[in-house]
Amino acid sequence: MTVLPICITGEPVLHQPAAPVVDFDGDLAALVADMFTTMEAAPGVGLAAPQVGIGKRVFVYDWTDADGTRTRGVAVNPELWVSPPPVGIPDEDDEEGCLSIPGERFALQRSARALLRAQDERGEHYELETSGWLARILQHEFDHLDGVLYADRLDAFGTKGVQKAIKRNKWGVPGISWLPGVDDLEA
């Protein structure tokens with residue numbers, strides 16, 4: 001399995017909807033394995049195919065909750081339903097990061113519950129009902145498949161902060177990526 005370069009905001013594949021997966025074959029299985037390897041090396045709790053330059057509707061996730069329950073999987077051609085998002089101003093408990101905006105964290109309100117319907121890498125259908133941080137992770141990764149980064153959902157304060165970070169790091173243009181385990185960047 002290979003650690004893949006992670007695209008940084010500004011790469012066109014990150015800002016456009018991904019295409020459905022039609023072939024559940026060895027190429028898809030290899031991509032999923034490489035995505036898990038890349039996510040673990042980053043380290044991260046989720047990674048979408050557009051983040052590694054592949055415009056396909058695929059993401060992986062790996063989360064261990066406070067009780068020690070680990071949920072790890074792949075979502076191919078997912079559908080996601082969420083509870084109504086909370087009303088109010090996000091606080092530091094709502095901060096999240098993104099491997100495509102490495103080293104930055106901003107507070108974002110997300111729905112507390114989510115229902116994921118997807119296929120695994122073999123094409124088998126499954127359903128996962130989640131809450132808390134796992135629900136947040138699924139929403140974040142699902143957004144990537146629609147060309148939406150969490151920075152696109154921030155309030156005015158967060159938007160200003162992420163724009164400063166993008167300018168400071170000279171991101172926001174095509175052709176910039178980082179390689180986990182090689183480049184000194186973290187989400």
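I start with helix α1. At 1.5 Å a residue, its 16 residues, 26-41, should span 22 Å, and the end C-alpha atoms are 22 Å apart, which agrees. The expected span here is 1.5 Å times one less than the number of residues in the helix. Helices (H or I, at least four residues) and strands (E, at least two) are DSSP runs, numbered from the N terminus.

Two remarks on the source. This is a predicted model, in which local features need pLDDT of at least 70 and side-chain atom pairs count only at pLDDT 80 or more, while totals for chains, interfaces and linings use all residues. Residues are numbered from 1 along each chain as its sequence is written, and side-chain values use heavy atoms, with hydrogens and water left out.

Now the chain as a whole. There are 3 helices and 9 strands, and in sequence order they follow the pattern β-α-β-β-β-β-β-β-β-α-α-β. For 187 residues, a compact globule would have a radius of gyration near 16 Å; the chain has 16 Å, so the two agree. That radius is taken over C-alpha atoms, and the globule rule is 2.2 Å times the number of residues to the power 0.38. The C-alpha trace spans about 40 × 35 × 30 Å along its principal axes. Of the 187 residues, 48% count as buried, where buried means under 20% relative accessible area, exposed over 50%, and partly exposed in between (1.4 Å probe, protein chains only). Among contacts (heavy atoms within 4.5 Å) between residues at least 6 apart in sequence, 68% join residues at least 24 apart.

Back to α1. At the N-terminal end, D25 caps the helix, with a side-chain oxygen 3.2 Å from the backbone nitrogen of D27. The buried residues of α1 are L28, L31, V32, D34, M35, F36, T37, T38 and M39. What do they pack against? They pack against β1 (6-7), β2 (46-48), β3 (58-64) and β4 (70-82). The peptide bond joining A42 and P43 is cis, with omega about -15 degrees.

Next, the core. A nonpolar core is a set of buried Ala, Val, Leu, Ile, Met, Phe, Trp, Tyr and Cys residues joined through side-chain atoms within 4.5 Å. The largest one has 34 residues, and M35, L47, V58, V60 and I101 touch the most other members. At least two residues of this core come from each of β1, α1, β3, β4, β6 (101-107) and α3 (156-169). The largest share, 6 residues, is from α1. Apart from this core lies another, of 15 residues, with F59, L116, A118 and L128 among them.

V60 is found in strand β3 and counts as buried, at 0% relative accessibility. V60 and V32 are 28 residues apart in sequence, and their C-alpha atoms are 7.3 Å apart in space. Leaving out residues up to four places away in sequence, V60 touches V32, M35, F36, M39, V45, G46, L47, G73, V74 and E141. With neighbours within four places in sequence set aside, V58 has contacts that include V21, L28, V32, M35, L47 and L145.

On to strand pairing, which requires that DSSP find at least two bridges between the strands. β3 and β4 run antiparallel and are joined by 7 bridges; V58 stands opposite V76 in β4. Their hairpin has 5 residues between the strands, and G68 there takes a positive phi near 90 degrees. β4 is also joined to strand β7 (residues 113-119) by 5 bridges, again antiparallel, and E79 stands opposite R117 in β7.

Which residues other than glycine have a positive phi? One is N77, with phi near 50 degrees, in strand β4. Another is K170, at about 60 degrees, in the loop between α3 and β9 (177-178). K170 is exposed, with a relative accessible area of 67%. Most residues other than glycine have a negative phi, and most peptide bonds are trans.

Last, E104, in strand β6. Is E104 buried or exposed? E104 is buried, because its relative accessible area is 14%. Not counting residues up to four places away in sequence, E104 touches E96, G97, C98, Y150, A165, R168, N169 and W171.

How values were computed: A polar contact is a pair of N or O atoms within 3.5 Å; within protein, one must be able to donate a hydrogen and the other to accept it, and residues adjacent in sequence count only if both atoms are side-chain atoms.
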